[in-house]
Amino acid sequence: MTCGAAGLTRPGPWQRAPWQRRATGDDTVAVAERAALGTSARVAVWPPENLGTACAATGDVLAALDLQASRFRPDSELSWLNEAGGGLYMLGDGLAEAVGVALAAARWTGGLTDPTVGAALVSLGYDRDFAAISQGGKPPGGHDGEPPGAPVAAPGWPLVRLDGPLLRLPPGIRLDLGATAKGLGSDRAVRAVMSATGHQGGILVSLGGDIAVAGTPPRDGWPVAVAEEPEQAVPSQLIRLAAGAVATSSVSARRWRRGDAVLHHIVDPRTGRPAAGPWRTVTVAAATCADANAASTAAIVAGGRAQDWLTAAGLPARMTGHDGRVCRLGGWPAGDGRPVSVPPGSRVYAGGPR
């Protein structure tokens with residue numbers, strides 16, 4: 001069966017919002033922002049005259065990803081797949097790549113990330129766009145005063161089979177690509193921008209703080225602010241990124257209440273419950289943003305084993321505990337304004353920026 005939702009291709013509400021140019025204090029770099037995919041998107045580019053092209057290319061990539069892989073759009077290919085009830089499906093190229101990246105991440109992390117957590121997230125109340133939850137929107141068939149449902153452990157990524165575009169999905173499994181999709185979006189966007197600009201200059205794309213860069217960076221690398229809390233006014237650290245990507249996962253973001261329980265969006269696939277380890281925020285640098293996104297999520301879920309896992313993976317990381325303790329691994333710089341060295345090679349996304 002071919003997977004899709006023919007005729008239901010209207011743009012999401014965020015796609016109607018224009019890009020807003022932001023002042024940088026540096027006339028060699030241009031920056032613009034807009035809402036996208038339930039978070040914020042930022043494009044930084046040099047030379048500045050490439051900004052319009054960069055925004056258009058990034059917007060096209062994010063619109064396509066939304067229609068392919070959003071769990072909250074009823075007309076997305078992923079939503080159609082989740083409602084189809086299991087079977088053998090021929091995916092579109094974009095969703096096939098996104099599912100392939102999610103499965104590769106699950107294999108690499110030993111199941112610390114797992115795209116079969118969709119039912120677990122729904123049981124916890126994360127059943128619609130987070131803006132609707134945070135603004136008090138009522139879930140279908142219930143209300144936010146109800147306690148969360150019984151935990152639903154992930155069925156397990158090995159049950160999902162992908163052969164090129166052909167997906168075999170067992171009945172009852174709902175996919176969620178949240179551990180890799182934003183990172184994949186940033187990777188796709190910088191690649192698209194470099195193609196659209198004839199590989200001239202450099203580009204940084206951030207989706208909710210998951211950042212990929214490509215091309216020639218500004219002198220000393222792109223400045224990247226590392227924060228430990230949502231809407232943090234003063235960043236915890238400023239690093240420089242010349243190549244690769246940086247992603248942050250945090251249990252301080254995307255939190256909601258169900259009954260007396262305060263929940264967050266990073267689910268331990270083994271239990272179906274929000275991860276409850278010692279780390280509140282983990283930032284990781286890697287060759288691609290999909291890798292960094294998966295690794296930072298895996299570290300939160302790994303809990304007390306996170307340091308060993310990241311060390312074995314050979315990735316620079318900055319981890320902040322619930323007690324405020326900061327742990328740096330893999331050569332992550334200690335001071336402000338210093339470069340972070342990104343190891344070459346991707347474990348999850350061979351098509352990522354070089």
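**A proline in a loop**

Tutor: In this predicted model, P269 is located in the loop that joins β14 (267-268) to β15 (273-274). Its relative accessibility is 6%, so P269 counts as buried, the cut-off being under 20%. Beyond its neighbours within four places in sequence, P269 contacts G111, L112, T113, D114, V117, A153, A154 and V301. P269 and T116 are separated by 153 residues in sequence, yet their C-alpha atoms are 8.0 Å apart in space.

L175 is one of four residues, with L177, I203 and L310, that touch the most other members of the largest nonpolar core, a set of 78 residues. Helix α3 supplies the largest share of this core, 11 residues. A second, separate core has 15 residues, among them V224, V226, V246 and V340.

Helix α3 (residues 93-108) also packs against helix α7 (residues 289-302), at an angle of about 50° and with the axes 10 Å apart. The two helices are therefore oblique to each other. In this arrangement, α3 passes α7 in a right-handed crossing. On the α3 side the contact is made by V101, A105 and W108, and on the α7 side by A290, D291, A294 and A295. Classed by type, the residues of this contact are six nonpolar and one charged, with no polar ones.

Conventions:
Residues numbered from 1 in each chain as written. Predicted model: local features only at pLDDT ≥ 70, side-chain atom pairs only at ≥ 80, totals over all residues. Heavy atoms only, no water. Axes fitted to C-alpha atoms, helices over the stretch in contact; angles between N-to-C directions. Helix = DSSP H or I, 4+ residues; strand = E, 2+ residues; numbered from the N terminus. Parallel < 35°, antiparallel > 145°, perpendicular 65-115°, else oblique. Left-handed = near helix turned anticlockwise from the far one by under 90°. Contact = heavy atoms within 4.5 Å. Nonpolar A, V, L, I, M, F, W, Y, C, P; charged D, E, K, R; others polar. Core = buried A, V, L, I, M, F, W, Y, C linked by side-chain atoms within 4.5 Å. Buried < 20%, exposed > 50% of the residue type's maximum accessible area, 1.4 Å probe, protein only.
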